[in-house]
Amino acid sequence: RLLARAENGWRLMQAIKPHAAPVTTIAFSPNGKALATASTDGTFFLLSWNADLVLPAASEGSPPPVRGGWAPVGFAKVGGVATSLSFSPDGGRLLVCVGGDPGPFGGGVAGGSGEEGEIIEFEVAGLLGASPPDTSVTFEISPPRRVFKLELRPPPPPPEKEKEEGKESKPAEEEAPPPPPPPTGRPTVCSYATNTSFWACYDSAATAGVVYEGT
């Protein structure tokens, strides 16, 4: 727990500092046992819930020490500023929406430049199991990743008109609406819909107000 409900508001229970730069977004796994944070430093940090961790009182007037808290798993570079994080419904993957320049903090990685913005999926199930990664030397981790480049599917061909003798022709059907613009610009937000599909939005003027589904 980070906060606890008190008589007149909230009390601080735990404070964590996984980044050296401002945090841009956070996400919890569906089972509540994993926490991901991202920052302008061009990384995301993964933490897991440790029921055996004993936390001291966070500040004067806080509740006495409690058992249970967030333990660090490690961080990974994403090549830019992550603007959105989302865990898959099964909690085994993390979707990272990279939409900004990492600036002086760097964060570039092979397979992810962040210059045009990217959507990257990380396999994190193995990091949250019974055998966490060895962080005795460094907290940097390198989970398997997949970079998504969304492209519109070509529209289906128009149906062929049936010609029947002796029958009046049917009135012309209404024209189909124009297809949506292709996804351009940098992704601003992304979220899993199922374990195999997600939704994403982009920041260009042409894509304003459009939500895209990717698989």
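## Nonpolar cores

A nonpolar core is here a set of buried Ala, Val, Leu, Ile, Met, Phe, Trp, Tyr and Cys residues joined through side-chain atoms within 4.5 Å, where buried means under 20% relative accessible area with a 1.4 Å probe and protein chains only. The structure is a predicted model, in which local features need pLDDT of at least 70 and side-chain atom pairs count only at pLDDT 80 or more, while totals for chains, interfaces and linings use all residues. Residues are numbered from 1 along each chain as its sequence is written, and side-chain values use heavy atoms, with hydrogens and water left out.

The largest nonpolar core holds 20 residues, and F44, L46, L85, F87, L94 and V96 have the most contacts inside it. At least two residues of this core come from each of β4 (34–39), β5, β6, β7 (81–87), β8 (93–100) and β9 (118–123), strands being DSSP runs of E with at least two residues, numbered from the N terminus. A second, separate core has 12 residues, among them C97, F148, A200 and Y202. Beyond its neighbours within four places in sequence, F87 has contacts (heavy atoms within 4.5 Å) with residues including A27, F28, P30, L35, L46, L94, V124 and Y192.

## Two buried polar residues

H19 lies in the loop between β2 (9–12) and β3 (23–28), and H19 counts as buried because its relative accessible area is 6%. Its side chain makes a polar contact of 2.7 Å with the side chain of T37; such a contact is a pair of N or O atoms within 3.5 Å, and within protein one must be able to donate a hydrogen and the other to accept it, with residues adjacent in sequence counting only if both atoms are side-chain atoms. Leaving out residues up to four places away in sequence, H19 touches T37, A38, S39, D41, T43, F44 and F45.

S197 is placed in strand β12 (residues 197–202) and is likewise buried, because its relative accessibility is 6%. The side chains of S197 and T194 are joined by a polar contact of 2.8 Å, and, with residues up to four places away in sequence not counted, S197 touches Y192, E213, G214 and T215.

## The second largest pocket

The lining of the second largest pocket comprises 19 residues, and K33, S48, L127, L128 and G129 lie nearest its centre. Strands β5 (43–55) and β6 (66–77) each supply at least two residues of this lining.

Technical notes. Helix = DSSP H or I, 4+ residues; strand = E, 2+ residues; numbered from the N terminus. Buried < 20%, exposed > 50% of the residue type's maximum accessible area, 1.4 Å probe, protein only. 1 Å grid on protein atoms, 1.4 Å probe; cavity = no way out; pocket = protein on both sides within 12 Å on 5 of 7 lines; lining within 4 Å.
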